[in-house]
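Visitor: Before we start, I would like each label you use to be set against its cut-off. Please take me through the model in that way.

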Amino acid sequence: EPSPNDSAEAPSKRLHDLWEEEVKKKGIMKASYFRVVLRSIRTRWIVSTLVLLLSLMCSFTSAAVIVRQLLEYTETTHPDFRIGIALVLGMFFTELVRVCTINLVYILNYRTGIRLMGGTLALVFEKILHLRSLKDKSVGELVNLLSNDGMRLFELSTFGIMVVNTPILFIPGTVYTCFILGPWALVGVATFVLFLPVQSFLGKVVAKVRRKCISITDERVRMMSELLTSIKLIKMYAWEKPFSKKIGDVRKREKKKLESAGFVQAMSIAFNPAVPVIAA
């Protein structure tokens with residue numbers, strides 16, 4: 001049976017209480033929902049960070065230490081059978097702990113993301129229900145807020161911790177690689193560093209295309225709303241085909257933007273496994 005904390009009610013109440021505290025401390029003009037989000041997921045992020053560090057330590061020990069010892073063991077003329085068994089068992093247990101801990105990290109982060117997204121969307125729905133009018137906000141902007149922006153909160157809680165903890169593995173890995181291979185190891189490290197601006201550029205392109213897509217989505221949603229409101233008039237004058245063609249054209253423009261964003265994002269994802277191969 002799911003935990004009550006996985007529903008939208010408990011996280012939304014906690015976020016609401018934290019927001020009220022933030023407003024009392026900083027004032028309504030300086031209050032930041034980002035700080036509220038960080039406070040709400042702080043404890044789970046600390047636990048997830050500790051588990052992730054254990055996984056990174058096991059990964060580093062297995063790949064950098066035990067594998068090297070195994071290679072040296074295979075080159076010995078009179079190998080000790082007990083040392084070989086110990087190295088194999090050591091690799092088995094480190095890999096087992098690594099797999100279990102990294103899966104635990106994703107379980108914690110996914111549940112944290114679901115709670116954060118659900119609680120935030122519940123607060124947004126509650127706020128909309130209490131509004132008398134949307135003022136300058138369109139229906140398309142609200143749809144985008146409840147879909148894309150909600151998913152960004154989920155991605156923040158799920159993958160944000162990976163970005164924070166990357167230098168923890170990168171720095172000792174660089175030092176150990178230089179110790180093993182010498183100064184030439186810095187060429188591979190430089191390859192990783194050079195690809196960071198490329199990934200950043202591709203991310204900015206995706207964000208720019210999605211911003212353009214938001215205005216088209218807003219236009220499509222507004223047209224659909226007008227069509228449904230005036231459906232009797234449209235049926236009476238047999239305007240179905242002109243309206244259908246107009247909405248279809250807007251949808252084609254929106255689809256083209258989404259395809260462009262998906263293509264650039266696919267390129268960005270495709271670079272990830274290619275970078276270690278190029279660096280090697």
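Visitor: What share of the contacts in the chain with a separation of 6 or more comes from residues 24 or more positions apart?

Guide: Residues 24 or more positions apart account for 75% of those contacts, where contact means heavy atoms within 4.5 Å. This is a predicted model, in which local features need pLDDT of at least 70 and side-chain atom pairs count only at pLDDT 80 or more, while totals for chains, interfaces and linings use all residues. Residues are numbered from 1 along each chain as its sequence is written, and side-chain values use heavy atoms, with hydrogens and water left out.

Visitor: How many helices and strands are there in the chain?

Guide: The chain has seven helices and zero strands, where helices (H or I, at least four residues) and strands (E, at least two) are DSSP runs numbered from the N terminus. Read from the N terminus on, the elements run α-α-α-α-α-α-α.

Visitor: What makes the chain more spread out than a compact globule?

Guide: The radius of gyration, taken over C-alpha atoms, is set against a globule rule of 2.2 Å times the number of residues to the power 0.38. For 280 residues the rule gives 19 Å, whereas the chain has 26 Å, well over that value, so the chain is more spread out than a compact globule. Taken along the principal axes, the box filled by the C-alpha atoms is roughly 95 × 45 × 40 Å.

Visitor: Why is H1 called roughly perpendicular to H3?

Guide: Helix H1 (residues 9-26) and helix H3 (residues 81-129) pack at an angle of about 70°, with their axes 7 Å apart. The axes are lines fitted to C-alpha atoms, for helices over the stretch in contact, and angles run from 0 to 180 degrees between N-to-C directions. Angles under 35 degrees count as roughly parallel, over 145 as roughly antiparallel, 65 to 115 as roughly perpendicular and the rest as oblique, so H1 is roughly perpendicular to H3.

Visitor: Which residues in H1 and H3 meet?

Guide: From H1, Pro 11, Ser 12, Leu 15 and His 16 meet Arg 115, Leu 116, Gly 119, Thr 120, Ala 122 and Leu 123 in H3. The residues of this contact divide into five nonpolar, four polar and one charged, given that Ala, Val, Leu, Ile, Met, Phe, Trp, Tyr, Cys and Pro count as nonpolar, Asp, Glu, Lys and Arg as charged, and the others, Gly among them, as polar.

Visitor: How do you know that Ser 48 is buried?

Guide: Buried means under 20% relative accessible area, exposed over 50%, and partly exposed in between (1.4 Å probe, protein chains only). Ser 48 has a relative accessible area of 0%, and is therefore buried. This residue is found in helix H2 (residues 33-75), and, leaving aside neighbours within four places in sequence, Ser 48 is in contact with Val 105, Leu 108, Asn 109 and Ile 161. Over the chain, buried residues make up 28% of the 280 residues.

Visitor: Why are Thr 177 and Arg 222 called partly exposed?

Guide: Thr 177 in helix H4 (residues 139-181) has 30% relative accessibility and so counts as partly exposed. Arg 222, in helix H5 (residues 185-229), is partly exposed because its relative accessible area is 41%. The C-alpha atoms of Thr 177 and Arg 222, 45 residues apart along the chain, are separated by 57 Å.

Visitor: What makes Ala 238 exposed?

Guide: Ala 238 has a relative accessible area of 51%, and so is exposed. Ala 238 lies in the loop between helix H6 (231-236) and helix H7 (240-279), and has a positive phi of about 55° although it is not a glycine. Most residues other than glycine have a negative phi.
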